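Here is a short report on side-chain contacts in a protein model. Keep the sequence and the 3D view open while you read.

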Amino acid sequence: MSRLLRSLTVLLAASCGLVPLRVSAAEPPLSVLTLTGPERPIFSATRDACDGADVPDAPARAFRDASGGIAMFGLHYRNRALRGPDLDSLKIDCRVVLDSGGKSDPALYDDRSWITATWTEDGTRVAALVHHEFQANEHEGRCRSKVYIECWYNTITAAASLDGGATFMRKNPPAVVAGAPFRQEEEQGRHRGFFNPSNIVADGRWRYFLASTTGWDRPGSDQPAGVCLFRSDDPADPARWRAWTGAGFTAAFPDPYRKAVKLADACRPVGPFPGPVGALVRQRGTGAWIAVFMAAKGGVFAESGFYWTTSRDLLTWDVPRLLMAGATLYDDPCKVGGKAGPRLIAYPSLLDPDAKGRNFDDVGERALLTYATLKVEGCTITSDRDLVRRPVAIKVWP
């Protein structure tokens, strides 16, 4: 997933119109986030891994299970959880809760799968959104190129657990939450599909998440690249998710391998996001939404690092502001330096240890900025990665 994100940033920024955006930095913010303490480790791949697949490779997602314990996801495509009684005591559980089959048939959606969002009402039954990559360049005869990004076909699929996240199951083939309206052999030569969903959040009877799309041009159904907002009244039913079109939540993006797909409504991208949203949370008391994400220097982003933006309605967002400076996955690894050594930062998330919701989708006046650090050797991003956190103070104007 790491190399994918590096390749996408410039293309998405251009497609979403972020580079020419001109917004006054003097505009009053809806919120202020301030780092208040040093970096502390949660998980080290070189010290704590069960095997070579255990590296931080997605934003941290957590929920409280029925016993009150915490399960956190955010590692690689051999999915394991970090577990503990609280966010201070998480340890890796070496049981694989969802594996990746590496299968060469794209209709099976079982090549490489990351658990990238979870939702539970009772701590026992857990719905999951899965970032699935079909890496056609790795399968003989599936792509006319051997270049990863030219063959990459991404779909958001669904998984579910009935045992508090100890194991996850998928239908055969997995249910598609959001996919391109064409099969993987079409439009090769570029990246295609939906990818990297944010965490799921609640607002009354509705559940929401944000997901990135590369967009496509199809006669009668053009889809702009950007970040789409999805809504459902039942996350346990993958078919109920719909994306915002600008007029309502009516856009569906079903499995193109199961039946002929009618021309879909296009989602209207939201937010000032140059790529995937790391995390989305709601601030208790004010009801304001806060999103964190990473960005490379350029356009509206004066420095590389983690940014935040705030919204009252999930559709209109204020000016992004820098939370933490540092070279990200969107930057050239050959030019990395700094006091912390040659490393990149990636996959920001916000988790409040005192969250009222079981799914950590709310924050108060403080939270933990949780993210990955990736060691660089020369121009190579290594598997020497840590999951770390820093405390953040949060102020939202009424």
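## A buried valine in a loop

Val55 is found in the loop between α2 (45-48) and β3 (61-64). The model is predicted, and the values below are computed from it. Is Val55 buried or exposed? Val55 has a relative accessible area of 5%. The cut-off for buried is under 20%, so Val55 counts as buried.

Which residues does Val55 touch, leaving out those up to four places away in sequence? They are Ala45, Gly74, Leu75, His76, Ser383 and Arg385. Tyr77 is 22 residues from Val55 along the chain, and the C-alpha atoms of the two are separated by 9.3 Å.

## Salt bridges

How many salt bridges does a search of the whole structure find? The search finds 26.

| Pair | N to O distance | Relative accessibility |
|---|---|---|
| Arg343 and Glu39 | 3.0 Å | Arg343 15%, Glu39 32% |
| Asp99 and Arg78 | 3.5 Å | Asp99 34%, Arg78 32% |
| Arg95 and Asp93 | 2.6 Å | Arg95 45%, Asp93 16% |

Take Arg343 and Glu39, which form a salt bridge. This pair links distant parts of the chain, 304 residues apart. Arg343 is in strand β21 (residues 343-351). Glu39 is in the loop between β1 (31-35) and β2 (40-44). Arg343 counts as buried at 15% relative accessibility, whereas Glu39 is partly exposed at 32%.

Next come Asp99 and Arg78, whose side chains meet in a salt bridge. Asp99 lies in the loop between β6 (91-98) and β7 (112-120), and Arg78 in the loop between β4 (70-73) and β5 (79-84), so the pair ties together parts that are 21 residues apart in sequence. Asp99 is partly exposed, and Arg78 is partly exposed too. The pair also belongs to a network of salt bridges, in which Asp51, Asp54, Arg78, Arg80 and Asp99 are linked.

Arg95 and Asp93 make another salt bridge. Arg95 is partly exposed. Asp93 is buried, with a relative accessible area of 16%.

## Aromatic pairs

The structure holds 21 aromatic pairs. The rings of Tyr208 and Phe249 have their centres 5.9 Å apart and their planes at 65 degrees. Why is this pair edge-to-face? Planes over 60 degrees apart count as edge-to-face, so the angle of 65 degrees puts the pair in that class. Tyr208 is in strand β13 (residues 206-213) and Phe249 in strand β16 (residues 249-251).

Phe293 lies in strand β18 (residues 289-295) and Tyr307 in strand β19 (residues 305-311), so parts 14 residues apart in sequence are tied together. Phe293 and Tyr307 are both buried.

Ring pairs also build a cluster. Its members are Phe182, Phe194, Phe209, Trp216, Phe230, Trp241 and Phe253. Elsewhere, the charged end of Arg205 sits over the ring of Trp206, 4.2 Å from its centre.

## Nonpolar cores

In soluble globular proteins, nonpolar side chains tend to be buried together. The largest nonpolar core here has 32 residues. Which of them touch the most other members? They are Leu33, Ile290, Leu329, Leu350, Leu369 and Ile394. The elements that give two or more residues to this core are β17 (279-283), β18, β19, β20 (321-325), β21, β23 (366-377) and β24 (380-396). The largest share, 6 residues, comes from β23.

Setting aside neighbours within four places in sequence, its contacts include Leu33, Leu280, Val281, Trp308, Leu350 and Ile394. Gln283, Thr309 and Thr310 are also among the residues in contact with Ile290.

A second, separate core has 31 residues, including Ile156, Phe194, Phe209 and Ala211. Phe194 and Phe209 also belong to the ring cluster described above.

Key. Residues are numbered from 1 along each chain as its sequence is written. This is a predicted model: local features need pLDDT of at least 70, side-chain atom pairs count only at pLDDT 80 or more; totals for chains, interfaces and linings use all residues. Side-chain values use heavy atoms; hydrogens and water are left out. A salt bridge is a side-chain nitrogen of Lys or Arg within 4 Å of a carboxyl oxygen of Asp or Glu. Helices (H or I, at least four residues) and strands (E, at least two) are DSSP runs, numbered from the N terminus. Buried means under 20% relative accessible area, exposed over 50%, partly exposed in between (1.4 Å probe, protein chains only). Rings of Phe, Tyr and Trp (its six-membered ring) pair if their centres lie within 6.5 Å; planes under 30 degrees apart count as stacked, over 60 as edge-to-face and the rest as tilted. A charge sits over a ring if NZ of Lys or CZ of Arg is within 6 Å of the ring centre and within 35 degrees of the ring normal. A nonpolar core is a set of buried Ala, Val, Leu, Ile, Met, Phe, Trp, Tyr and Cys residues joined through side-chain atoms within 4.5 Å. Contact means heavy atoms within 4.5 Å.
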